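Hi everyone, thanks for coming along.

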Amino acid sequence: MCTRFLSGEAGPPRVSWNQAPRSCPTVSQHDWRFTRAAPTSVTHVDAMSDHIVWFDAYDDDRDRCRVGGKNASLGTMIAAGLPVPPGFAVTTEAYDLLRAHDDLRTAIRRALARVDFDDAAGLREISATVRGLIAGVALDAEVEHAIRTGYAELSRRCGLDAVPVAVRSSATAEDLPDASFAGQQDTYLWITGADAVVDHVRRCWSSLFTDRAIAYRHEMGHDHEVISMSVGVQKMVDPRCAGVAFTLNPRNGDRSQVAIDASWGLGEAVVGGEVTPDSFLVDKVMRTVVDRIISSKAVEYRLDGDVVVKCAVDVDRRDRQCISDEEVCAVAALARRAERHYGQPQDVEWAIDRHLPAGENVILLQARPETVWSRRPGRPITTEAYDPMRSIVSTLISPTHATES
């Protein structure tokens, strides 16, 4: 039994699905022809520079404040040589041009002034009103041209007439250390065609005013008019399985291990808590799986022809390990590379691209700082000097085991 998600229909929380053609393979980490393709002309780049930042041309000093934390992370990972699908960010300047529209700004202020935060239904109504106002304002002509030209160039780099993309919000406040904005704004998957991309960029902008986002900014004391948004447009991955990885053990903060959760299909089932994933612990020194729990994975999100569907997992796959040990260790190795690059424990989203060969099929989709154990003050576990052989000995005396649940 499958549930089909089309454009405009309800899907998983904060994620919308659109019709999609047959996907193209994700670019291999050993093949940068698509991710680092030369622009068509200097004039082309100059015309887009105020409104578009390509991930592979990202400069941290110049662009971080223009693309939001999520897009900045993608650009940083590509610069570090990590395998990330190609794409570009629509900058905050593009959103600011929309927000500067006098009539729109006045109408939004008036609507938000009526909010009663004790009235959930009223807040939802005002949110819908504000989002409708944003949908009704014409985009700046240069911004729209930049988005369309960028999408055409991305399709060219991928060798397709219309590459399927993810259109993801990247608000400037999402990664503030004192707030948890992440996940409050919209993401749209398998969007194809320039018209649809332009429309879904606008939908991402309007998602700054979901009822949840409005209430949270009020609670945290953030000004609605100060928060801005960039939007990422990134080539989609068609994964066999996907999930998350932490470069420490989230149960106890042990930094000698990488914890990996995995399930069939797209990672939304794992991130959204809709499935109990397979769980693995990988020893950072031995680079081997030292613990695993193989779970019964009831549902998955996957492509079915030209649409994404939520399906019950086939009985013969439900209780099977969805990722090989070699792939588990490859995910752990890439997560460790991200950790070393950023200099702190990371929370990583990853996927196994079904179109790439073994050894090149692990793709990173996002990396962000781990925010639970990393914020706790460090405390010595022992007064003895650190001995890297302990991890090896621990692995040797605690062999890998499997538990089905």
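How many bridges join strand E10 to E11, and do they run parallel or antiparallel? Strand E10, residues 278–283, is joined to E11 by 4 bridges, and the two run antiparallel. Within that pairing, Val282 stands opposite Val289 in E11. When I say that two strands pair, I mean that DSSP finds at least two bridges between them.

A word on what you are looking at. This is a predicted model, in which local features need pLDDT of at least 70 and side-chain atom pairs count only at pLDDT 80 or more, while totals for chains, interfaces and linings use all residues. Residues are numbered from 1 along each chain as its sequence is written, and side-chain values use heavy atoms, with hydrogens and water left out.

Now the overall picture. The secondary structure comes to 12 helices and 15 strands. The protein has 405 residues, and 51% of them count as buried. Buried here means under 20% relative accessible area, exposed means over 50%, and partly exposed is in between, with a 1.4 Å probe and protein chains only. Take the contacts between residues at least 6 apart in sequence: 70% of them join residues at least 24 apart. A contact means heavy atoms within 4.5 Å.

Which strands make up the open sheet, and in what order? There are 6 of them, in the order E11-E10-E9-E8-E14-E15, with antiparallel pairing. Strand E11 (289–293) and strand E15 (362–369) stand at the edges with a single partner strand each, so one side of each has no neighbour in the sheet. From one strand to the next, the twist averages 20°.

Let's look at E8 in that sheet. Of its 8 residues, 6 are buried, so E8 is largely enclosed by the rest of the structure. E8 pairs with E14 over 7 bridges, in the antiparallel sense, and there Cys241 has Ile352 in E14 as its bridge partner. E8 also pairs with E9, again antiparallel, over 6 bridges, with Phe246 opposite Ala259 in E9.

What lies across these strands? Helix H11, residues 325–342, lies across E8, E9, E10, E11, E14 and E15. H11 runs at about 140° to E14. For that angle, axes are lines fitted to C-alpha atoms, for helices over the stretch in contact, and angles run from 0 to 180 degrees between N-to-C directions.

H4 has 12 residues and reaches 17 Å from its first C-alpha to its last, close to the 16 Å expected at 1.5 Å a residue. That expected span is 1.5 Å times one less than the number of residues. Which residues of H4 are buried? They are Leu104, Ile108, Ala111 and Leu112. Seen down the axis of H4, these buried residues fall within an arc of 95°, so they line one face of the helix. The arc is that of the directions from the helix axis to the C-beta atoms. The buried residues of H4 pack against helix H3 (92–99), helix H5 (120–135) and helix H8 (211–220). On the other side of H4, Asp102, Asp103, Arg110 and Ala113 are exposed.

I'll finish with a few single residues. Trp190 has a phi near 60°, a positive value in a residue other than glycine. Trp190 sits in strand E6, residues 187–191, and is buried at 1% relative accessibility. Arg287 also has a positive phi of about 60° although it is not a glycine. Is Arg287 buried or exposed? Arg287 is exposed, with a relative accessible area of 66%, and its place is the loop between E10 and E11.

Lastly, Glu142 in helix H6 (residues 141–157) is exposed at 57% relative accessibility. Glu142 and Ala94 are 48 residues apart in sequence and 9.0 Å apart in space, C-alpha to C-alpha.
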